[in-house]
Amino acid sequence: MADLKAFAEQLVNLTVKEVNELATILKDEYGIEPAAAAPVMMAGGAAEGGAAAEEKTSFDVILKSAGAQKLAVVKLVKELTGLGLKEAKELVDGAPKALKEGVAKDEADSLKKSLEEAGAEVEVK
C-alpha cells in the first residue's frame, strides 16, 4: 500500500512538462490517449486542493481571450495541456474557459506568464 501512496504523491507533484512527457509515453507505448489520462491527473490535483481549501493552495487558470496571436496561443495551449490540435483550438475558441483547474500557485503563475507572452488574456482564480 505504501508504494501506491508514493506513486500517487509523485503523480500529484508532476510539473506541466512532466505531465506532457507522461502523456506522450502513455500514447506512444501503451496506446492510451492523453485526453483519457488528463482527468486522472486533474482528479489527483483537485482531491489534494479540496483538503486544504482554507489555505487556497489550488488555483484555476482561465483563458479569457486568445488575443491577436490566436494561432500561437492554440499551439501553446496544445503543448501545455497535452490536448490534440482540434481540442486545443476548441478550447481557445470557447474562451473564456478554464485551461487548468486545481493547480499550484507556481504552476498557475507559470501558465499565465507563458500564455500572456503568446498574446492571450489570462486570469488566475
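**Salt bridges and surface of a predicted model**

Q: Which helix holds both Lys89 and Asp93?
A: Let's start with these two, bearing in mind that the model is predicted. Lys89 and Asp93 are four residues apart, about one turn of the helix, and their side chains meet in a salt bridge. Both lie in residues 85–93, which is helix α5.

Q: What is the N to O distance in the salt bridge between Lys89 and Asp93?
A: A salt bridge here needs a side-chain nitrogen within 4 Å of a carboxyl oxygen. The side chains of Lys89 and Asp93 meet that rule, with an N to O distance of 2.7 Å.

Q: Is Lys89 buried, partly exposed or exposed?
A: Residues under 20% relative accessible area count as buried and those over 50% as exposed, with partly exposed in between. Lys89 has 42% relative accessibility, so it counts as partly exposed.

Q: Over the ring of which residue does the charged end of Lys105 sit?
A: Lys105 counts as partly exposed because its relative accessibility is 41%. Besides its salt bridge with Asp109, Lys105 places its charged end 5.1 Å from the centre of a ring, that of Phe59.

Q: How many residues apart are Lys64 and Glu121?
A: The side chains of Lys64 and Glu121 meet in a salt bridge, 3.7 Å from N to O. The pair links distant parts of the chain: Lys64 is in strand β1 (residues 59–65) and Glu121 in strand β3 (residues 121–124), and their separation is 57 residues.

Q: Which residue is linked with Lys64 and Glu121 in a network of salt bridges?
A: Lys64 counts as partly exposed because its relative accessibility is 35%, and Glu121 counts as partly exposed because its value is 41%. The network that holds Lys64 and Glu121 has one further member, Glu123.

Q: How many salt bridges does a search of the whole structure find?
A: Among them are Lys89 with Asp93, Lys105 with Asp109, and Lys64 with Glu121. Over the whole structure, the search comes to five.

Q: Which residues form a nonpolar patch on the surface?
A: One member, Tyr30, lies in helix α2 (residues 16–30). Tyr30 has 58% relative accessibility, so it counts as exposed. The patch has about 300 Å² of accessible area together, and its members are Ile25, Tyr30 and Ile32.

Notes. Residues are numbered from 1 along each chain as its sequence is written. This is a predicted model: local features need pLDDT of at least 70, side-chain atom pairs count only at pLDDT 80 or more; totals for chains, interfaces and linings use all residues. Side-chain values use heavy atoms; hydrogens and water are left out. Patches are made of residues with over 30% relative accessible area and no salt bridge: like charges are joined within 9 Å, nonpolar side chains (Val, Leu, Ile, Met, Phe, Trp, Tyr) within 5 Å. Accessible areas come from the Shrake-Rupley method with a 1.4 Å probe; for residues, only the protein chains shown count as cover. Helices (H or I, at least four residues) and strands (E, at least two) are DSSP runs, numbered from the N terminus. Buried means under 20% relative accessible area, exposed over 50%, partly exposed in between (1.4 Å probe, protein chains only). A charge sits over a ring if NZ of Lys or CZ of Arg is within 6 Å of the ring centre and within 35 degrees of the ring normal.
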